[in-house]
Amino acid sequence: MFKALCLASLLSSASLHAAVREASWSLLEPDPVYPGQRIQILLNLDTDANEELGNITFNPTPFENQPIQVGQGQPLTRQKLKDADGNTYDRLRILFPAEPAAAGKIELPAITLTGTRTVLMQDAIGFPLSRRERFNAEIKPFSFTAAPLPEAGKPTGFTGAVGRYAFTGKADPVKLAPGSVVTVTLTLEAQNGILPEGFIPQPAPDPALFRAYETKTVTRSEKRIVTETLLVPLSEGAAAIGSNTFSWFDPFARRYMTARAALPALTVAKQTETAQPALKIIDTSPVSAPPEGEGLGLKENSLLRFGPSERSPVLHRLPAGEHVAPLERAEGWVRVDAAGRRGWLKDFQMDSGGL
């Protein structure tokens, strides 16, 4: 969401040097644009030199009753130019981020710009003087079109994302033994646009070859989402992982795009002297979950880990008081079943020391 439009505070704080000769709107992106596309609208002010403007107001308010969301403007550039008579003037460009909310024509009427004008001068001996007065200026009407997204070629499950995006991934480690854990990190970044709320980057492994744990969101913002998923290869030869697909509409290419994150192939082989030590596959034997209120209770909030090590990846977070069924122990650690979620806990985290 954009912050509320506040032109008066923007122009007052920008300390504009000039009386307005001409004011006009323009659009950085080519017309038409599309609903959901991040665009940039420019307010161009041609102004006299050696003057300052303040207390700026607009009548009517720009973008009022238009199908578009507009953020607060920011001064972009100031250029020194000369007119046909050789007189110097300034061109100030103020950028407003915006997003059309619906298809249709967006029309800005003529707007009156009012404020105070301070003329900076010097007397005959160079002492600075100033004169303040009110001024009015007209901003010319302006319009552009937000075209509907095309139906032709729209991918199944399209989330409404408009812009340009990068979908990348990595896996660590890429060489491991069956039963060891690999962490898959996926990143979706909006290079021009915003991320749809409902999309979560996830790997798409073959369930016959990998055990997958719940995907966790590490970072999420309007522009970037990063997730991590733990996978356990169940046998040798499990090489390809893959990811889910993300689709978007590219307003510059004017077509739909679909991508998967490129992930490196895994080398899964039996343990060797240089291979990562294999950890025990967690789901090896069935066990009945303890009846409600039975089993061993947790004394504190606990991390359920993939293996019996502080460096082993976290599978789940368990709250204090949850009951677990112990399965086996190893050097101060206990492998437990917590309502179907299996992993390793430190033995002191339970009411009694495990088995």
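User: Among contacts in the chain between residues at least 6 apart in sequence, what percentage join residues at least 24 apart?
Analyst: The model is a predicted one. Its secondary structure comes to one helix and 25 strands. Among contacts between residues at least 6 apart in sequence, the share that joins residues at least 24 apart is 68%.

User: What percentage of the residues in the chain is buried?
Analyst: The chain has 355 residues, and its accessible surface comes to about 18,200 Å². Carbon and sulfur atoms account for 50% of that surface. Buried residues make up 42% of the chain.

User: Which residues touch the most other members of the largest nonpolar core?
Analyst: In soluble globular proteins, nonpolar side chains tend to be buried together. The largest nonpolar core here holds 28 residues. Those touching the most other members are Trp25, Ile41, Ile68, Leu113 and Phe144.

User: How many residues are in the other core, which includes Tyr165 and Leu231?
Analyst: In the largest core, Trp25 is one of the residues touching the most other members; beyond four places away in sequence, the residues touched by Trp25 include Ile41, Phe63, Phe96 and Phe142. Apart from that core lies another, with Leu176 and Leu186 also among its members. The number of residues in this other core is 23.

User: To which residue's backbone oxygen does the side chain of Thr227 reach?
Analyst: Thr227 lies in strand S16, residues 224–233, and is buried because its relative accessible area is 0%, under the 20% limit. Leaving aside residues up to four places away in sequence, Thr227 touches Val184, Leu186, Ile200, Pro201 and Thr215, among others. At 2.8 Å, the side chain of Thr227 reaches the backbone oxygen of Pro201.

User: What separates the C-alpha atoms of Pro100 and Val33?
Analyst: Pro100 is found in strand S6, residues 88–100, and is buried at a relative accessible area of 1%. Beyond four places away in sequence, the residues touched by Pro100 include Val33, Pro67, Ile106 and Ala146. Although Pro100 and Val33 are 67 residues apart along the chain, their C-alpha atoms are separated by 8.0 Å.

User: Why does the salt bridge between Glu99 and Arg38 tie together separate parts of the chain, and how far apart in sequence are they?
Analyst: The closest N and O atoms of Glu99 and Arg38 are 3.3 Å apart. Glu99 lies in strand S6, whereas Arg38 lies in the loop between strand S1 (20–27) and strand S2 (39–48), so the pair ties together parts whose separation in sequence is 61 residues.

User: Which residues are linked with Arg38 in a network of salt bridges?
Analyst: Arg38 is buried, with a relative accessible area of 15%, and also meets Glu222 in a salt bridge at 3.2 Å, N to O. That pair links parts 184 residues apart, with Glu222 in the loop between strand S15 (216–220) and S16. Glu99 is buried at 14%, whereas Glu222 is partly exposed at 35%. The residues linked with Arg38 in the network are Glu99 and Glu222.

User: Is Glu151 buried or exposed?
Analyst: Glu151 forms a salt bridge with Lys154, the closest N and O atoms being 3.2 Å apart. Lys154 is partly exposed at 34%. Glu151 has a relative accessible area of 60%, over the 50% limit, and is therefore exposed.

User: What is the area of the nonpolar surface patch that includes Leu129?
Analyst: Leu129 is in strand S9, residues 128–139, and is partly exposed at 38%. Together with Met121, Ile125 and Phe127, Leu129 makes a nonpolar surface patch of about 420 Å².

Terms used:
Residues are numbered from 1 along each chain as its sequence is written. This is a predicted model: local features need pLDDT of at least 70, side-chain atom pairs count only at pLDDT 80 or more; totals for chains, interfaces and linings use all residues. Side-chain values use heavy atoms; hydrogens and water are left out. A nonpolar core is a set of buried Ala, Val, Leu, Ile, Met, Phe, Trp, Tyr and Cys residues joined through side-chain atoms within 4.5 Å. Buried means under 20% relative accessible area, exposed over 50%, partly exposed in between (1.4 Å probe, protein chains only). Contact means heavy atoms within 4.5 Å. Helices (H or I, at least four residues) and strands (E, at least two) are DSSP runs, numbered from the N terminus. Accessible areas come from the Shrake-Rupley method with a 1.4 Å probe; for residues, only the protein chains shown count as cover. A polar contact is a pair of N or O atoms within 3.5 Å; within protein, one must be able to donate a hydrogen and the other to accept it, and residues adjacent in sequence count only if both atoms are side-chain atoms. Patches are made of residues with over 30% relative accessible area and no salt bridge: like charges are joined within 9 Å, nonpolar side chains (Val, Leu, Ile, Met, Phe, Trp, Tyr) within 5 Å. A salt bridge is a side-chain nitrogen of Lys or Arg within 4 Å of a carboxyl oxygen of Asp or Glu.
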